[in-house]
Amino acid sequence: MLIDGYTRLAAVVATPIRHSISPFIHNQAFQQTGVNGVYVAWDIPESELAVTIDNIKRYNMFGINISMPYKQAVLPYMDELTDSARLIGAVNTVIHRDGKLIGHNTDGIGFFRSLSNLTAFHVEQKTLTILGAGGAGLAIIAQAALNGAKQINIFKRSSSLNQTKEKAAELMALTGVEITVFPIEETELLQEKILQSDLLINATNVGMDGSTMIIPQDCILPSSIIVADIIYQPFETPLLAFARSKGVRTINGLGMLLFQAAEAFEAWTGETMPTDTIWKALEEIVHG
Ligand code: NAP
C-alpha cells in the first residue's frame, strides 16, 4: 500500500476499539480497489469526541465509523442524517461529502445485505422474530421496517420492555409495518411466533460463551425458516448448532460485519468493496 501526500484517512472511533477487525476489512478494500486510503482505530475518551468529529473536515477524511459507546453521542454533530440513522436513532458511519457530515447507520443494511448475498433471503413481505433489541437489534428492526417486512415480533426481557414498546410504536407509525413486543420469558408465545416466521434472529449476547442457547431446547423450528445469529465469535453459536442439527438453514454474524463495512466503504469512496475475496480472508481470521 503506497502512502503519499494524497492518502486520505478513515477511522473507527470508540472505546475500547483496539481489538476491532474493521481496520483489516477496510485496508484490504483500499488495497484491492486501489483507492488511496488508510483506515485506523482511534480509542478516545468522550471528552475528545467533539474535536475528533471536527478533524473529519479539518483533515478531509473519507469519514469515520462509530462504535460503542458513541453511536448516539455523535448525533448532535451531524449536518444531516440518513433515514436509517434517524429511524434507529444512532450513527455507525459518518460520511464526509460536499463539506457536510452525514450520519448514517449501516448495521441493519449490512445484516440484510448479508442475508440476500449469502442465503438469497429478501425481507420484503416476510415475518421476522427477533430476540433482543439493543443497539444492533434495533438497527435490524428499523431496517426491516424500512425494507417493507410484513410483521416483526420482538422478544425481549420483561425488565426492559417499555422502552422497546415506545420505539416499536414510533417505527410502526413511521413505516406502517406491524411490530409487536413480547416478553422473552413467555416461551409458549415465542414458540407460536417462531412457527409463523420466515426468519429468526438472535440479537442478544446469549451464545457468546459458546454454551448457552437463547431458545428452549425443545423448540420446534419450521423447516423453511432461516436462523440468523449476529454473533460471529464463536463462529457457530449453540443456537446455530441446534438449528443446523434440525436441518434448518443458518447464518452467523460475520456477513453482517463485512457488509456493514462494505456499505460504509462504498458511501465514502464510490467504489464497490470486493466482498468475496475479503470474506475468505475474514473467515480464516475469525474461524481459523
Ligand atoms: P446491546 O446493545 O448491549 O444489546 C444486547 C441485547 O441483548 C439487549 O436487548 C439485551 O436485553 C439482550 N440480552 C443480553 N443478555 C440477555 C439474556 N440473558 N437474555 C435475554 N436477552 C439478553 O448489544 P448490541 O450492540 O446490540 O450487541 C448484541 C450482540 O450482537 C453482541 O453479541 C455483539 O457482539 C453482536 N453484534 C454483532 C455485530 C455484527 O456485525 N455481526 C454488530 C453489532 C453487534 P436487555 O435490553 O433486556 O438488557
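**Entry 1: the fold as a whole**

I began with the contacts of the protein, counting a contact where heavy atoms lie within 4.5 Å, and I noted that residues 24 or more positions apart account for 70% of those with a separation of 6 or more. I remind myself that this is a predicted model, in which local features need pLDDT of at least 70 and side-chain atom pairs count only at pLDDT 80 or more, while totals for chains, interfaces and linings use all residues. Residues are numbered from 1 along each chain as its sequence is written, and side-chain values use heavy atoms, with hydrogens and water left out.

I then looked up the secondary structure and found 10 helices and 12 strands, where helices (H or I, at least four residues) and strands (E, at least two) are DSSP runs numbered from the N terminus. For the overall dimensions, I noted that the C-alpha atoms fill a box of roughly 60 × 40 × 30 Å along the principal axes. The radius of gyration is 19 Å, which agrees with the value near 19 Å for a compact globule of 288 residues; this quantity is taken over C-alpha atoms, and the globule rule is 2.2 Å times the number of residues to the power 0.38.

**Entry 2: surface and charge**

I looked up burial next, and 55% of the 288 residues count as buried, with buried meaning under 20% relative accessible area, exposed over 50%, and partly exposed in between (1.4 Å probe, protein chains only). The accessible surface comes to about 12,900 Å², and 49% of it belongs to carbon and sulfur atoms; the areas come from the Shrake-Rupley method with a 1.4 Å probe, and for residues only the protein chains shown count as cover.

I found 20 positive and 29 negative side chains, with the centres of the two sets 2 Å apart. Lys and Arg count as positive and Asp and Glu as negative, whereas His and the chain ends are not counted, and each charge is placed at NZ of Lys, CZ of Arg, CG of Asp or CD of Glu.

**Entry 3: the annotated span and Asn55**

The unreviewed UniProt entry carries the annotation "domain: Shikimate dehydrogenase substrate binding N-terminal" for residues 12-94, and I keep in mind that such annotations may be inferred rather than shown by experiment. In the model, residues 12-94 are 34% helix and 22% strand, and their end C-alpha atoms lie 10 Å apart.

I also checked Asn55, which lies in helix α2 (residues 49-58) and is buried at a relative accessible area of 16%. Apart from neighbours within four places in sequence, Asn55 is in contact with Asn60 and Met61.

**Entry 4: backbone geometry in the loops**

I found a cis peptide bond between Thr15 and Pro16, with omega about -5°, and Pro16 sits in the loop between β1 (8-14) and α1 (22-33). A cis bond also joins Gln233 and Pro234, with omega about 10°, and Pro234 is placed in the loop between β11 (226-229) and α8 (238-245).

In the loop between α4 (107-119) and β7 (127-131) I looked up Ala120, whose phi is positive, near 65°, although the residue is not glycine. Gln125 is in the loop between α4 and β7 and has a positive phi of about 65°. Ala120 counts as exposed at 55% relative accessibility, and Gln125 counts as exposed at 56%.

**Entry 5: Cys219**

Cys219, in the loop between β10 (199-202) and β11, counts as buried at 6% relative accessibility. With neighbours within four places in sequence left aside, I listed Gln191, Ile194 and Phe242 as its contacts. I also noted Leu195, which is 24 residues from Cys219 in sequence and 9.6 Å away in space, C-alpha to C-alpha.
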